[in-house]
Amino acid sequence: DHSRPILLTGETQADKSVQLAARTSGIIGQLEVKEGQQVAAGAVILRLEGEDLKAAVETAQAALAQRTQELKADEQLAKSGHMADLQLLGVRSAEAAAKAALAQAQAAADKLVLRAPFAGVVDSTAVEQGQWVQPGTPVAELLALDPIVVRAAVNEQDVSDVSVGSKAKVSLVDGRTFTGTVRYVSRLGQKVTRTYPVEIALANPDGRIPAGMTAQVTLFAPPVKAVTVPRSAITLSENGALGLRTVGADDVAQFTPVKLVDDTPGGLVLSGVPAGVRIIV
């Protein structure tokens, strides 16, 4: 059983990378992170000053409480027949409007706090505490490095032998070697290079593998039954087919066509040789 190695050159990249930006305008009251810091999903990145928005939430809460109490009282009056249904409908509408106003005020206040969308490391920060920012102002770059991804490209001759879930050997430029898993194989080839992008995921719980590092990737084609022979044993038939001279059970030499699977320092790896025959070398 021989699995032909497929050699590629790639680069380590973050599994996720995002440029966090301010969601509303204001002065940065608290910058909760610094460069190189690990953060959990949902962790606070910064808080903007916004007393007016916080006050608007409190006002909306008070207005809703008032409308709720009014509705309760009016429903009692309606049950006793002292209020028309049309008037009660107006009170219910007023309560619904108060709920909508509270939701709108809370949404505006929530924009004062910027949170991490996923767990990762803060690679860089672009603002300082006390700085005025506007919506869309870059705040920090967040990278997810576990798993880290090696992105490479496989040629069109080999892409059919690469599948999601297969193992891959990754050697970094600093000499470290890891075992990863193919998690993506593109089905759309690049027009210029005629190659197909692939991604190999590597476990990186401690973050020791940085993004942007050159990597040598070895993928393995599905195993096939094969035999390794010296190059000198290869011959051609009268019609030019590649093959070997073999001897069967009848001790008669014959030509056996073969297919080249791999070229290794130990010789040529060939398939198509029937089991049990002797090869003339």
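**Assignments and their grounds**

Reply: In this predicted model, the side chains of Asp15 and Arg183 form a salt bridge, with an N to O separation of 2.8 Å. Asp15 belongs to the loop between β1 and β2 (16-21) and Arg183 to strand β12, so the pair ties together parts that are 168 residues apart in sequence.

Me: Why is the contact between Asp15 and Arg183 called a salt bridge?

Reply: The criterion asks for a side-chain nitrogen of Lys or Arg within 4 Å of a carboxyl oxygen of Asp or Glu.

Me: What makes Arg183 partly exposed?

Reply: Its relative accessible area is 33%. Buried requires under 20% and exposed over 50%, so Arg183 falls in between.

Me: How do you know that Arg47 and Glu32 also form a salt bridge?

Reply: Their side chains meet at 3.7 Å, N to O, and this value is within 4 Å, so the pair qualifies. Arg47 lies in strand β5 (residues 44-48) and Glu32 in the loop between β3 (26-31) and β4 (38-39), so the bridge ties together parts that are 15 residues apart in sequence. Arg47, at 33% relative accessibility, is partly exposed, and Glu32, at 35%, is partly exposed as well.

Me: How many salt bridges does the structure hold, and which residues are joined into one network?

Reply: There are 11 salt bridges. Through shared partners, salt bridges join Asp15, Arg151, Arg183 and Glu199 into one network.

Me: What makes β1 and β10 a pair of strands?

Reply: Pairing requires at least two bridges. Strand β1 (residues 5-13) and strand β10 (residues 148-155) have three bridges, in the antiparallel sense, so they count as paired. Within this pairing, Glu11 stands opposite Arg151 in β10. Both strands belong to a closed barrel of six strands, ordered β1-β10-β13-β12-β11-β14 with antiparallel pairing. The average twist from one strand to the next is 40 degrees.

Me: Which residues does Val173 contact, leaving aside its neighbours within four places in sequence?

Reply: Val173 is in contact with Met213 and Thr214. The C-alpha atoms of Val173 and Met213 are separated by 7.1 Å, although the two residues are 40 residues apart along the chain.

Notes
Residues are numbered from 1 along each chain as its sequence is written. This is a predicted model: local features need pLDDT of at least 70, side-chain atom pairs count only at pLDDT 80 or more; totals for chains, interfaces and linings use all residues. Side-chain values use heavy atoms; hydrogens and water are left out. Helices (H or I, at least four residues) and strands (E, at least two) are DSSP runs, numbered from the N terminus. Axes are lines fitted to C-alpha atoms, for helices over the stretch in contact, and angles run from 0 to 180 degrees between N-to-C directions. Contact means heavy atoms within 4.5 Å. Buried means under 20% relative accessible area, exposed over 50%, partly exposed in between (1.4 Å probe, protein chains only).
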